[in-house]
Structures are given as C-alpha cells and as structure tokens.
Amino acid sequence: MRLSRRSLLATTTAAVAASAAPAVAAPGPGSGHGGGRTLRTGFERLAADGYALLDGRRVGVVTNPTGITRDVRHIVDVMHADGRVDLAAVFGPEHGFRGTAQAGGSEGRYDDPATGLPVYDTYLKSGQALADIFTASGVDTVVFDIQDAGARFYTYIWTLFDCMEAAQLAGLSFVVLDRPNPVTGRAALGPVLQKEFATFVGRQPISQAHGMTVAELALLFNEEFLTAPVALETVKMSGWKRSDFYDASGMPWVPPSPNMPTPETALVYAGTCLFEGTNLSEGRGTTRPFELLGAEGVDGRWAAAANELGLAGVRFREAYFAPTFSKFQGKTIGGVQLHVHDREAFDPVRTGIGLLITAKRSWSGFAWREDNWIDKLTGSTQVRTMIDAGADTDEVVGGWQQELAAFRRKRRNHLLYR
C-alpha cells in the first residue's frame, strides 16, 4: 500500500476509532422491517454476550468495510477499543480491509492508521501460503465477518473457504459471524459448478445463486468440501427469515465492493454478472453497474427482444450510457437497463440467460470473451455451447435442473434459518 493511501485512511478512519464504544447497544424498536421482528447480526449477538466466545483467545478478523454495527462503526474499531477482546490482527480480502482497491486489487500489508493493528493481505492467497500468514500473525482464532451478495462468483465466499482451509492447516479455530443474504435465502438457482472449472470465482460445486448465508456456507464447506474440517463455530443472527430481502434487516448498506453500490445491484448480480464473459459492458463505470448493459452498435432491438421473453418481475428499457472506466470507457453505447418491479417473482439467473440469448440474436457484434470466462462464471461449457447452438431460455435453464436438484438436497442439511 502506498503512503498516500495510508495518509488518506488515517484521515478518514481516525474519527471512527475515536468514537468507538466498548460494546454495541442492542437494536432499538423499529430498527428492522420484518413485521415487528428486529434482526441482530452475528456480531451484535457476540457483543451483547460480552464477547464470551472469544474470552482468552488471541483474535484475528477477516473483514472489509461491510463489517459494521447498525450505527455504522466498524467492528474492528469497536473490538479494538474493548478490553474484553484480545484483537491482534486484521486480514483484508479483495478490495482491502478499508475498501480502497478496485476489482482485482487489494491493499497489501500495512499497519492500520486508526488502530495500529497489522493488516495482512489474503487476496489470491490460499492453502499453506495463507496458513503461514495466519501463523505469522500470532493469532489462535480467526473471525470472519463480511457481507456477501448471494452469488457463487462473488469472491468473499471463497475468501471464507480459503481462510477456513488455511486455519485448519495452521491449527487455528474459526468463527463466522453471520449476516443476511441480501437477496433472501429462499432458493438456490442456476447451474452448479463442475470442479474442473474451479477458480477464485467458484472453488466448489455450488449453484450460481446459492440462497445461503455465510454461516450456512461455512457449515457446508466444512462438512462437504474441506479435506479436513476446521474447528468451526458460528454465531447466528436472530430475527432473520429466509424470505427477507436486505431492507428487512434495518441495517445500513455498505457497498461490499466498488461495483455493488446498492442492494438492488445485488438483486440482479447473480444473472447480469454473466456479461463479464462477453464483449458487452456489464455497467462498470456507471452509477448502475449490472443494471445497465450495452455495447457500441446496440440499439432498441435488444430491449424489445428481452421484453418479448415475458420474464417474471422485470422489464427492460432501451438505454444509452458512457462508462467512465472499464469496457467502452468514455464512449456512448446502447443497451438495456433492468427495472425489477416484482422482486419476489424475479429470477436473476433465468433473466441473465434470457439477456445473453437476446443480445446474441439482436446484435451482430456479440462475442464471448476469448478466454471463455463465461465458462468460469457459469461453471461449465454448457451455457455457452447451448446458446451458440441456438437454444432458447427454457432449454438452457432446463439443462441444469438435475444438478441443481442434487445441490438443493445437499444445501438443505446446512440451513440455520426458516
């Protein structure tokens, strides 16, 4: 990390550290929208119990800017100021602990200006290399608290997997503090990854939209996928139901990454992120990433074709925009904007497939990325080859139903909430 970034972080975080209190107050009335229910995150329950679970432990925390209390203090600042927690280190994922890095970047190794704690970089580190970092930090317990977005290719869940594996190799305990799945935990959707396509956007065979919380994923990983299980403890939320969208939580939304600015972004992301595997813009460099899609030469025919599919819960508007970075930077391009009008009925993965098919049919310039990144995102060659062969939306979606049913049965064994 460069000195200029450290100086910036020192300025922006010092006030947070100064105001950190020894404990987290219980949520007050009206802090949730779940029919009178009040959600408490895993961290809130840990703090309300006086951090008893961490008593006598030397703790390192894997987190990022989403690790906040409902009054928007960071949990690292809160725990550092509390004498009941022996907090010794912080581990930052992609984008970094304080969130200063763009996609595909991290903050490196540095000392946090607000707390003085050493911050270690976990991004793209796994196995024994990551275990060695945990060992060098001197902790005996690794705590994970990061807000997920609900999609297999959102990398924080694989940071969770890699850290669990490394903690096991290092002989450490692992604690997961749970947070809501922002797009509900109602259903698993989409194709299941085939292991030969495993990358950091999908380490293990889970579905494209997993419909699980991070604590549930940790249980799944530990019992189904890790070579040897880690000493795992989870701190559940209270007051969360599987049907809850993020606004039911009463929690403020902090972008988990620079291109996930709102819960509405997360709602479409499990489908429209597939456009990263094409030559079209997925809306990076706009104020509506993953809701705006387009390319040079695309016109209103795409929106018309997408609307003709009659996809549940969503409509498509012909749109023109000029990304400020990423694909088509500085150029005005045409495309579509998704408008989700019924989020209960909306299926992001089916929608993403329908958009890929109609983009290919309505724009002669359509192409997959030369590295076939789409196969890494969908987890196999099936989606790409079926679309190239002229399959329609129902046929492509039908192609993964058997594997999805098998994953749903496996997933059911690890669910913590109703």
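**Reading a loop residue and a core**

Trainee: Where is Asn64 found?

Mentor: Helices (H or I, at least four residues) and strands (E, at least two) are DSSP runs, numbered from the N terminus. Asn64 lies in the loop between strand 1 (58-63) and helix 3 (75-80). Keep in mind that this is a predicted model: local features need pLDDT of at least 70, side-chain atom pairs count only at pLDDT 80 or more, and totals for chains, interfaces and linings use all residues. Residues are numbered from 1 along each chain as its sequence is written, and side-chain values use heavy atoms, with hydrogens and water left out.

Trainee: Is Asn64 buried or exposed?

Mentor: Buried means under 20% relative accessible area, exposed over 50%, partly exposed in between (1.4 Å probe, protein chains only). Asn64 counts as buried because its relative accessibility is 0%.

Trainee: What does Asn64 touch?

Mentor: Contact means heavy atoms within 4.5 Å. Leaving out residues up to four places away in sequence, the residues Asn64 touches include His74, Phe97, Asp145 and Tyr156.

Trainee: And which residues have the most contacts inside the largest nonpolar core?

Mentor: A nonpolar core is a set of buried Ala, Val, Leu, Ile, Met, Phe, Trp, Tyr and Cys residues joined through side-chain atoms within 4.5 Å. Here the largest one has 106 residues, and Leu160 and Phe174 have the most contacts inside it. Helix 5 (residues 156-170) gives the most to this core, with nine residues. A second, separate core has 22 residues, among them Ala47 and Met79.
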